[in-house]
Amino acid sequence: MKKYKILFFALLLVCYSSAQNIPRSYIRTKTYLKTDATASMDNISYLDGLGRLKQNVYVKANPANLDIIDFIEYDEVGRDSVKWLPVTNNGSGAYVPDISMISMPIYSEGNPYTKFTYDAIDRPIAETGPGSAWASHPVTYKYGLNGANEVKAFKIYGATSDEIIYTEYYEPGTLYKKETRDEDGNPVWEYVDKDGRMVMVRYSTLNADTYYLYNPAGQLRYVLPPSAADALVAFNFYDLSNDAISKYTYFYQYDARGNCIQKKLPACE
C-alpha cells in the first residue's frame, strides 16, 4: 500500500509540473526606447485555445522589475466575464495559471475585478466594479425604443444649407433607446437611429438634452448642447447668425470629398 501511495503522489507532482509548463500561444512585442536597442519595453499577450486574449504580461514593468499582469476571464459563450485588476509577478514574463492566488493578498478589500452580466442576446445589463463596496452598486443598462413626444426631430434644411429646423418629434419606436444608471442610480439615456448614429443624449439629473444633427450624407453637422437646444422654437429656421447657435453649438463643414474643412466651437468666430 505504501508503494502505491508514493506512486500516486509522484503522479500528482508530474501532473502539476506539466500544468505549469503547458505550451501556450502568445504574441511578444518588444518596443525599443533607444536607437541603439539598449533599452526596450517587453509585452507578452497570452492567448487561449480559441485565439482570445487571456493574459497580458508587461515584463519587468514596475519599479522593482516585476511583471505587471492583466487577466481576462470569459463565460461559457465567449463573452468578457471578469477583468482582474493588475497584479505583479516575479519578472520572468511567465503565464500565471491562477491569478486569484496573487491578487487576493494584494487587494485585501475583496472582489479585485470587474464583473460583467449579459442578457439573452449578449447585451451588457450590469457591470460591477472592483471592491466589495461596489458589489451591491453595479452600473446597469436597459434597452428599448423611444416613446411619443420624447425626442425632437431637428433637421438640416437642404443638402448644403446650414439652416436647421424642427417641426415635430420622432415617431414612437423609430429610435433605439439605451438607459445607463451609474453606481448611485443616476440615469443617462442615449437615442440612436437605425443607422447607428447618436441622435440625442439626455442627462436626467441635469434635465439636459444634447442633440446631434447630420446632413443627408450622414456627416455630423451640428452638436446642440442643452443651452442651444432649449433656445430653439418649433417651426423656425436657425443658422449661425442666431445668437444661441453662435454661442453654444459645435458646427462642422465638409467639402465634396467628405473631408471636414471647417469646425466651429461654441462662442468662437
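Colleagues, a word on conventions first. Residues are numbered from 1 along each chain as its sequence is written, and side-chain values use heavy atoms, with hydrogens and water left out. As this is a predicted model, local features need pLDDT of at least 70 and side-chain atom pairs count only at pLDDT 80 or more, while totals for chains, interfaces and linings use all residues.

I begin with the rings. The structure holds 6 aromatic pairs; rings of Phe, Tyr and Trp (its six-membered ring) pair if their centres lie within 6.5 Å, and planes under 30 degrees apart count as stacked, over 60 as edge-to-face and the rest as tilted. Tyrosine 222 and phenylalanine 251 form a tilted pair, with 5.1 Å centre to centre and 55° between the planes. This pair links distant parts of the chain, 29 residues apart: tyrosine 222 is in strand 15 (residues 220-224) and phenylalanine 251 in strand 16 (residues 250-254). Helices (H or I, at least four residues) and strands (E, at least two) are DSSP runs, numbered from the N terminus. Both tyrosine 222 and phenylalanine 251 are buried; buried means under 20% relative accessible area, exposed over 50%, and partly exposed in between (1.4 Å probe, protein chains only).

Ring pairs also link Tyr26, Tyr46 and Tyr95 into a cluster. Arginine 24 lies over the face of tyrosine 95, at 3.9 Å from the ring centre. For such a placement, NZ of Lys or CZ of Arg must be within 6 Å of the ring centre and within 35 degrees of the ring normal. Arginine 197 lies likewise over the face of tyrosine 214, at 4.9 Å from the ring centre.

Arg197 returns in the largest pocket, as one of the lining residues that lie nearest its centre, together with Phe154, Lys155, Tyr170 and Asp193. The lining has 19 residues, and strand 9 gives the most to it, with 5. About 360 Å³ of space lies in this pocket. A pocket is an open set of points on a 1 Å grid over the protein atoms alone where a 1.4 Å probe fits, with protein on both sides within 12 Å along at least five of seven lines; lining residues have an atom within 4 Å of a point. Grid points are joined across faces, edges and corners, and the volume is the space filled by probe spheres set on the points.

Why does aspartate 42 count as buried? Its relative accessibility is 12%, and therefore aspartate 42 counts as buried. Aspartate 42 is placed in strand 2 (residues 40-47), and a polar contact of 2.5 Å joins its side chain to that of arginine 28. A polar contact is a pair of N or O atoms within 3.5 Å; within protein, one must be able to donate a hydrogen and the other to accept it, and residues adjacent in sequence count only if both atoms are side-chain atoms.

Arginine 79, in the loop between strand 4 (67-74) and strand 5 (80-89), counts as buried because its relative accessibility is 19%. Its side chain makes a polar contact of 2.7 Å with the side chain of aspartate 75.

Finally, the backbone. Most residues other than glycine have a negative phi. Alanine 37, although not a glycine, has a positive phi of about 60°, and asparagine 111 has one of about 50°. Alanine 37 is partly exposed at 43% relative accessibility, and asparagine 111 is partly exposed at 26%.
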